[in-house]
Each structure stands twice: as C-alpha cells, then as structure tokens.
Amino acid sequence: MTAETLGIAAGVLQAVAYIIYVINVVQVVRAECRPNGMTWLVWSYGTRVRLIIEWAVGAPISILILPAVCSRGSLVVAGYGFARRAC
C-alpha cells in the first residue's frame, strides 16, 4: 500500500466515524445528554490550523484529507451542540 492510499483511507475512515458519531449524538440527545459545543469547536479550529499549515507547506491531498474531514466533522458536532444549547 502506498502512502497516498493510506492517507485517503484514513480520511474515509474518519468520515465514517463522524457519521456514526453524529447518528449516535442524535440518540444521546433524546436521553438529555448533549455534546459540548465549545469542546468540539476547539477540536475544529485545532485541526483547521493543522490543515492550513500542511497546505501552506505543499502537502499532497492524501495528507490534507484527514485534517479537513476532522475539522469539518468537529464543526458539525459543535454546531449541533450549540444549537441544542449544550455548551
């Protein structure tokens, strides 16, 4: 397996994990337990900084996929947490 294939696989696996997590969050909210929006926002901007740095130094797309997915997924969960007033 090449490094490019592994990078793409990591991004896809992370996207699947966020989808599963968001589905579970919907179930958890029904039980009055909510994700903390601020915590997830920190994860989002932390991975966004990493994405920007790696992009600036010319990292290939296979490397950029994982932090991009993490940043976007964390932002979605943060938005959900804030919308449910769980921060």
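These are my notebook entries on a predicted model of one chain.

**Ground rules.** I number residues from 1 along each chain as its sequence is written, and I work with heavy atoms for side-chain values, leaving out hydrogens and water. Since the model is predicted, local features need pLDDT of at least 70 and side-chain atom pairs count only at pLDDT 80 or more, while totals for chains, interfaces and linings use all residues.

**Overall layout.** I started with the secondary structure and found three helices and zero strands. Helices here are DSSP runs of H or I with at least four residues, strands are E runs of at least two, and both are numbered from the N terminus. Along the sequence the pattern reads α-α-α. I then looked up burial: 28% of the 87 residues count as buried. Buried means under 20% relative accessible area, exposed over 50%, and partly exposed in between, with a 1.4 Å probe and protein chains only. For contacts (heavy atoms within 4.5 Å), I took pairs at least 6 apart in sequence, and 74% of these join residues at least 24 apart.

**Helix H2.** I checked the span next: H2 has 20 residues and reaches 28 Å from first to last C-alpha, close to the 28 Å expected at 1.5 Å a residue. The expected span is 1.5 Å times one less than the number of residues. Which residues of H2 are buried? I listed Gly37, Trp40, Ser44, Thr47, Leu51 and Glu54. They cover an arc of only 115° around the axis, so they sit on the same side of H2; the arc is taken over directions from the helix axis to the C-beta atoms. Tyr45, Ile53 and Ala56 are exposed on the other side.

At the N-terminal end I found Asn36 as the cap, with a side-chain oxygen 2.9 Å from the backbone nitrogen of Met38. That is a polar contact: N or O atoms within 3.5 Å, within protein one able to donate a hydrogen and the other to accept it, with residues adjacent in sequence counting only if both atoms are side-chain atoms. Just after H2, Gly58 has a positive phi of about 85°.

**The salt bridge.** My search of the whole structure gave one. By definition, a side-chain nitrogen of Lys or Arg must lie within 4 Å of a carboxyl oxygen of Asp or Glu. The pair is Glu54 and Arg50, with the closest N and O atoms 3.0 Å apart. They are four residues apart in H2 (residues 37-56), so about one helical turn separates them. Glu54 is buried at 15% relative accessibility, whereas Arg50 is partly exposed at 40%.

The largest nonpolar core has five residues: Tyr18, Trp40, Cys70, Val77 and Ala78. Helix H3 (residues 61-83) gives the most to this core, three residues. Such a core joins buried Ala, Val, Leu, Ile, Met, Phe, Trp, Tyr and Cys residues through side-chain atoms within 4.5 Å. Beyond four places in sequence, Trp40 touches Tyr18, Tyr21, Pro35, Ser74, Val77 and Ala78.

I followed Ser74 into H3 and noted it as buried at 1%. A polar atom of the Ser74 side chain lies 2.9 Å from the backbone oxygen of Cys70.

**Gly11.** This residue of H1 (residues 3-30) is buried at 2%. Gly11 lies 54 residues from Ile65 in sequence, yet their C-alpha atoms are 5.3 Å apart. Leaving out residues up to four places away, Gly11 touches Ile65, Leu66 and Val69.
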